[in-house]
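Please open the structure in your viewer and keep the selection tool at hand. The tour below moves from one selection to the next and says what is to be found at each stop.

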Amino acid sequence: MATFKMKIAGQDVTFQSEDDAAKLLKAMARVEEEPEKTSRFARGGGTTPKAFDPLRGTLGFLEEVVQHKGGAHSPAIAAALGCEPRGIGRRLLDINNVLKSFGFKFENVYDNSKRLAEGGRVYVPKHDAAAALDAVKRKAGSG
């Protein structure tokens with residue numbers, strides 16, 4: 001089979017066919033394009049996006065985790081946090097900071113190391129989860 005050679009970014013690259021080289025060039029062109037603006041806010045059709053309230057988010061997160069003794073799946077957690085499942089990580093950073101301000105270590109409040117094959121992460125309550133929920137409820141009720 002004939003091979004096709006190109007020099008890309010100073011490196012010699014060998015392709016099995018010209019079609020493979022064309023696919024690579026198309027992919028490289030897509031990478032350089034500006035991403036599409038798909039959100040309603042980006043198109044100018046909506047109002048400003050709501051800011052995430054870490055205290056309210058922590059309250060919703062802990063309620064969801066404590067309610068599911070066997071563990072809450074990431075879609076349920078995302079719904080409680082008002083985000084997409086892929087955005088949970090950023091919100092968890094804020095939640096962990098709130099927990100820290102109350103004197104809790106997130107390692108003692110929840111465990112998110114377990115993953116399901118197609119369901120994403122599972123957030124399992126640990127021994128301090130109920131106490132953390134009570135503390136956050138008191139603060140959220142007074143604030």
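Begin by selecting helix 2 and helix 4 (residues 88-101), whose axes come within 9 Å and cross at roughly 95°; the axes are lines fitted to C-alpha atoms, for helices over the stretch in contact, and angles run from 0 to 180 degrees between N-to-C directions. Helices here are DSSP runs of H or I with at least four residues, strands are runs of E with at least two, and both are numbered from the N terminus.

Before going on, please note that this is a predicted model, in which local features need pLDDT of at least 70 and side-chain atom pairs count only at pLDDT 80 or more, while totals for chains, interfaces and linings use all residues. Residues are numbered from 1 along each chain as its sequence is written, and side-chain values use heavy atoms, with hydrogens and water left out.

Next, show the side chains where the two helices meet: Pro54, Leu55, Gly57, Thr58, Phe61 and Leu62 of helix 2 are in contact (heavy atoms within 4.5 Å) with Leu92, Asp94, Ile95, Val98 and Leu99 of helix 4.

Is Gly71 buried or exposed? Gly71 is buried, because its relative accessible area is 13%. Leaving aside residues up to four places away in sequence, Gly71 touches Val122, Tyr123, Val124 and Pro125, and the C-alpha atoms of Gly71 and Pro125 are separated by 6.7 Å although these residues are 54 apart along the chain.

Finally, select strand 1 (residues 4-8) and strand 2 (residues 11-15), which run antiparallel and are joined by five bridges; two strands pair if DSSP finds at least two bridges between them. Within this pair, Met6 has Val13 as its bridge partner, and Ile8 stands opposite Gln11. The two strands form a hairpin with two residues between them, and Ala9 in the turn has a positive phi of about 55°.

Technical notes
Buried means under 20% relative accessible area, exposed over 50%, partly exposed in between (1.4 Å probe, protein chains only).
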